[in-house]
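I opened my notebook beside the viewer and jotted down what I looked up, one entry at a time. Here is the structure I had on screen.

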Amino acid sequence: MSLMKTFLSAGAALAISAVAALAEPGLIIDLGGKFDKSFNESAYNGAKRWVDETGGSYIETELQSEAQREQNMRKMAERDANPIVVLGFANGSTLEKVAPDYPDTSFAIVDMVVDAPNVKSIVFSEHEGSYLVGLIAGMKSETGTVGFVGGMDVPLIRKFACGYAQGVLAANPDAKVISSMTGTTPSAWNDPVKGGELAKAQVSQGADVIYAAAGGTGVGILQAAADEGVFSIGVDSNQNYLHPGSVLTSMLKRVDNAVYEVFSAGAEGFEPGIAVLDLESEGVGYAVDENNEALITDDITAAVDEAKAKIISGEIEVHDYTSDDSCPALTF
Amino acid sequence: MDLATILAILDATMRSATPLLFACLAGLFSERAGIFDIGLEGKLLISAFFSASIAATTGSVWIGLLAGIASSLVMSGIHGVASITFRGNQLISGVALNFLASGITVVVGESWFGLGGRTPQLEGAARFQPIELPFTGALSGVPVIGPVYAELISGHTILVYLGILAVAMTWWTLYRTRFGLRLRAVGENPESVDTAGVSVLRLRYTAIVITGVLCGLGGAYLSTGLAAGFVKEMSAGRGFIALAALIFAKWRPWYALMACLLFGFLEAVGNRFQNIEFLGINVPTQFMQALPYILTVVILAGFVGKAIPPRAGGQPYVKER
């Protein structure tokens, strides 16, 4: 009899936890790793903030290889996570396939547009944020040559590079922008050794400000810039603290806010469709804190704030590389 | 192309070639003794991890280096026990060790530092710093020689110089010492060595210990010289490129240096010229990135000639049947 009771209560406990699990949101960390100090880490920080504030819990998995995308997404849906946030443009085609199979589950994808009734697509205006940090780079550069090191060579990263180049040229029309890409496979998000070499090659060509838009590879780029005594610009998360005095600023992309909002809205408040996070909604921006405030002079702050206001009002139009796959300011 | 550009590329060549060189010489000792070692990659990786993490916790890169070498030696030991004592398949043992290194570095790293398999960023004495050779200042006024000395020869970390020294030492050991003669013999014809009353097992174990030390140095250079910390899979195939360089060099030390410098040079060129105009045509980035691999295939297929490995390579030695 007591055994029966044990079974029953165990069964009841299971049932309760199953109900509780229904409301748990899920987060799939993309290649490059959870602690890349950049894109993925920003998403993780958003989820953590939600946990700290609500006391809730969420399910998290981390991709180890390209082949796990679909399997991971399906598993997450079958574990009844709702809503599920997937990170990165590379998940687009997989989500297009998976989302219709789980019509009752809500998905949110960052950095890609997927057209399905249960998918929310969150895209950022990286070109606008990059324009602002490009402006800072152009004003700060003494050699008139600045560098850009991207991760994987994809349109999204070219969008960063293109916005950056436009900003640099706005500050100094004679400036030269050198652009390098780490690679053409997802491993390019996590190759700091190569990133460091690319940065050093740019320094030897005269670059004195280098913008890293390369996920985990960026750690090596910022390190090389600090070693060579030039400025660098971080990306996605605030990376100013990594090398105070060398990291000029960071192009913030508030993936954390995006994740936090999706988690907070939950399955009930979920709104499918496209959400564009731009300068106006503070989805992108540049970071100033105690580590770099000495580097950002008042002229620079004034110029950047003016450009920001003009972009928001539409007076300055920053060209978006992904709109027509070309860039007026930079050749790839 | 001016002198500064050429020097910058050659400087990058030295940096990129050094981990390859250590791994290549490591493979040379092992294969000359008749033990194939596919596990160079794994040894580089595990040494990169342990040297970075011990350097991060103790703050001393030298203690880190010792830890890296020790971890690489443990891997060598496992390979030795499996393939020499138990006469297992050397290729399988090597592949298994690669998997082991790839997994264990991330698991241990996560449990020690909680940074997703990374180590903290290394700073100051926890990294190998570039060393300025004497007379750099005195020679700086001399045209050509001044910049060449300052950029190319001076200003590397100590492990780069150690790598070049290791080539000379390897040559001397292999061709000018009794041990070297026996080592080469044990890879070609272990029976004759055994008949002469020399222990085949001891020779092979010694070779594997040297392999472990050299791989340890290469791995430590990766994470504490070239980069400033460990990230998962940071060896990125260098152990396999070193194996290719070894075949290319036909198992000879000075040629190994040349082969590694060539691979390093191709990588440096690929990094430097991502975007160039050539004869009025804009060469795409993708082509420049593929160039090192294309040239590798061309060189290996066209210019190496016949590469004959040590005759007893890959076969466990059985004294009597």
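How many residues does the contact take from chain B, and how many from chain A? I noted 22 residues from chain B and 24 residues from chain A. I keep in mind that this is a predicted model.

**Entry: the side of chain B that touches chain A.** I looked up the elements that give two or more residues to this side, and they are α1 (3-32), α10 (200-226), α12 (253-272) and α13 (285-302) of chain B. By kind, I found 10 nonpolar residues, 10 polar and two charged on the side of chain B that touches chain A.

**Entry: chain B as a whole.** I counted 13 helices and two strands in its secondary structure. A compact globule of 321 residues would have a radius of gyration near 20 Å, and chain B has 21 Å, so the two agree. Along the principal axes, the C-alpha atoms of chain B fill a box of roughly 65 × 50 × 40 Å. Of the 321 residues in chain B, 48% are buried. I also looked at contacts in chain B between residues at least 6 apart in sequence: 76% of these join residues at least 24 apart.

**Entry: the cores.** The largest nonpolar core has 102 residues, and A:Ile109, A:Ile210 and A:Ala212 have the most contacts inside it. Helix α6 (residues 155-171) of chain A gives this core its largest share, nine residues. I then picked A:Ile210 and, leaving out residues up to four places away in sequence, listed what it touches; among them are A:Gly147, A:Val149, A:Ile221 and A:Val230. I found a second, separate core of 81 residues, which includes B:Ala126, B:Ala228, B:Leu246 and B:Leu262.

**Entry: confidence in chain A.** The average pLDDT of chain A is 89, with 93% of the residues at 70 or above. Where in chain A is confidence lowest, and where highest? The lowest is helix α1 (residues 2-22) of chain A, with a mean of 51, and the highest is strand β8 (residues 209-213) of chain A, at 96. Over residues 13-21 of chain A, pLDDT stays under 50, and the model has one contact beyond four places in sequence for them. A reminder to myself: where pLDDT is low, the predicted coordinates should not be read in detail.

**Entry: A:Tyr241.** I found A:Tyr241 in the loop between β9 (231-236) and β10 (247-253) of chain A. Is A:Tyr241 buried, exposed or partly exposed? A:Tyr241 is partly exposed, because 16 other C-beta atoms lie within 10 Å, while buried would take 20 or more. Last, I checked A:Tyr241 against A:Lys310: they are 69 residues apart in sequence and 29 Å apart in space, C-alpha to C-alpha.

Methods
Residues are numbered from 1 along each chain as its sequence is written. Chains are lettered from A and ligands numbered from 1 in the order in which they are written. This is a predicted model: local features need pLDDT of at least 70, side-chain atom pairs count only at pLDDT 80 or more; totals for chains, interfaces and linings use all residues. Two residues are in contact if their C-beta atoms, placed from the backbone, lie within 7 Å. Helices (H or I, at least four residues) and strands (E, at least two) are DSSP runs, numbered from the N terminus. Ala, Val, Leu, Ile, Met, Phe, Trp, Tyr, Cys and Pro count as nonpolar, Asp, Glu, Lys and Arg as charged, and the others, Gly among them, as polar. The radius of gyration is taken over C-alpha atoms; the globule rule is 2.2 Å times the number of residues to the power 0.38. A residue is buried if 20 or more other C-beta atoms lie within 10 Å of its own, exposed if 12 or fewer, and partly exposed in between; C-beta atoms are placed from the backbone. A nonpolar core is a set of buried Ala, Val, Leu, Ile, Met, Phe, Trp, Tyr and Cys residues joined through C-beta atoms within 7 Å. pLDDT is the predictor's confidence in each residue, from 0 to 100.
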